[in-house]
Amino acid sequence: MAARPTWHGHLKLSLVTCPVGLYTATASNAHVSFNLINPDTNNRIRMVPTDPDTGPVERSDLVKGYEVSKDEYVLFDDADFDKVKLETTHTISIDSFVDESEIDRLYWDDPFFVVPEKGVGAEAFAVIRDAMKAAGKIAIGSLVLRGRERQLALEVRGKGLVAFTLRAHDEVRDADDYFDDIPTVKADKDMVEIATRIIAQKEADFDPTQFKDRYDDALRDMIKAKQKGGKGLVEVEAPDDTNVVDLMEALRNSLKGSASGKAGAKKTAVKKPSARKSAA
């Protein structure tokens, strides 16, 4: 396995324990990133900590401060943080099991692959995994990750497990604080019926390979153009104007467009078998 584990320790279900590693399930380097460059020298700019009164300072001499009021800070050094550092047990202890539907999606956070270490622990891991699969439940546990205690939701995926860190209750805002001000509007029955038909026509399988970041793609094209000596002008197609005056007319036109698009897709699909036959 090329990647190194973000965390390694033990997965524990009652008296059953096995060594495992956590691997980050998402890639943060997939997006284009830039450095600040001085165009006169082509040198990369280095960020130097600077005191507005005394000038540059050594990063090692700095301490952290919590702002309690405007320009007033409570200072903390490493010794202060050591006093509240959590002792890590290097163990994911499964405390309970819940139905997936019981966990509000707002609480789901970063995903990690849970992989057993090679050796005798693989059998214990299989026991825990298969028991979870048979129960059809999500396991709830906790661990100390990067110096902070995090709650975890673990689910079976293939031969392994996926652990999602869960946001703390205080991190999730109350939706009612935002939705209560939405005016109560009784939607037109005919418009809802047309919109429902549009939804049915656009029904499709979930395909994340179709998710594209058009801005990121345009940046990559511009980078290639500049590498070849071009001016690097890349246009990103703007979305259609959604300032609708007649909502019913817009729904009807959308329904027609969806129907014609679906028919076109079917027509294209019919041509494929004949093409393979002729090739043979």
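## Loop residues with positive phi

Ser 14 lies in the loop between strands β1 (7–13) and β2 (16–24); helices (H or I, at least four residues) and strands (E, at least two) are DSSP runs, numbered from the N terminus. Although Ser 14 is not a glycine, its phi is positive, about 55°. Ser 14 counts as exposed, at 54% relative accessibility; buried means under 20% relative accessible area, exposed over 50%, and partly exposed in between (1.4 Å probe, protein chains only).

Asp 71 belongs to the loop between β7 (64–69) and β8 (72–76). Its phi is near 60°, a positive value in a residue other than glycine. Asp 71 counts as exposed, with 57% relative accessibility.

## Basis of the model

The model is predicted: local features need pLDDT of at least 70 and side-chain atom pairs count only at pLDDT 80 or more, whereas totals for chains, interfaces and linings use all residues. Residues are numbered from 1 along each chain as its sequence is written, and side-chain values use heavy atoms, with hydrogens and water left out.

## The aromatic pair

A search of the whole structure finds one aromatic pair. The ring centres of Trp 108 and Phe 164 are 4.9 Å apart and the planes stand at 85°, so the pair is edge-to-face. Rings of Phe, Tyr and Trp (its six-membered ring) pair if their centres lie within 6.5 Å; planes under 30 degrees apart count as stacked, over 60 as edge-to-face and the rest as tilted.

The pair links distant parts of the chain, with Trp 108 in strand β10 (residues 108–116) and Phe 164 in strand β13 (residues 160–166), 56 residues apart. Both Trp 108 and Phe 164 are buried.

## Leu 145 in strand β11

Leu 145 is part of strand β11 (residues 138–145) and is buried, with a relative accessible area of 6%. Not counting residues up to four places away in sequence, Leu 145 touches Thr 6, Trp 7, Phe 112, Arg 150 and Thr 165, where contact means heavy atoms within 4.5 Å. Leu 145 and His 90 are 55 residues apart in sequence and 9.1 Å apart in space, C-alpha to C-alpha.

## Helix α5

Helix α5 (residues 214–227) has 14 residues and spans 20 Å from its first C-alpha to its last, close to the 20 Å expected at 1.5 Å a residue; the expected span is 1.5 Å times one less than the number of residues. Within α5, Asp 216, Ala 218 and Leu 219 are buried. They cover an arc of only 160° around the axis, which puts them on the same side of α5; the arc is that of the directions from the helix axis to the C-beta atoms.

After α5 comes Gly 229, whose phi is positive, near 90°.
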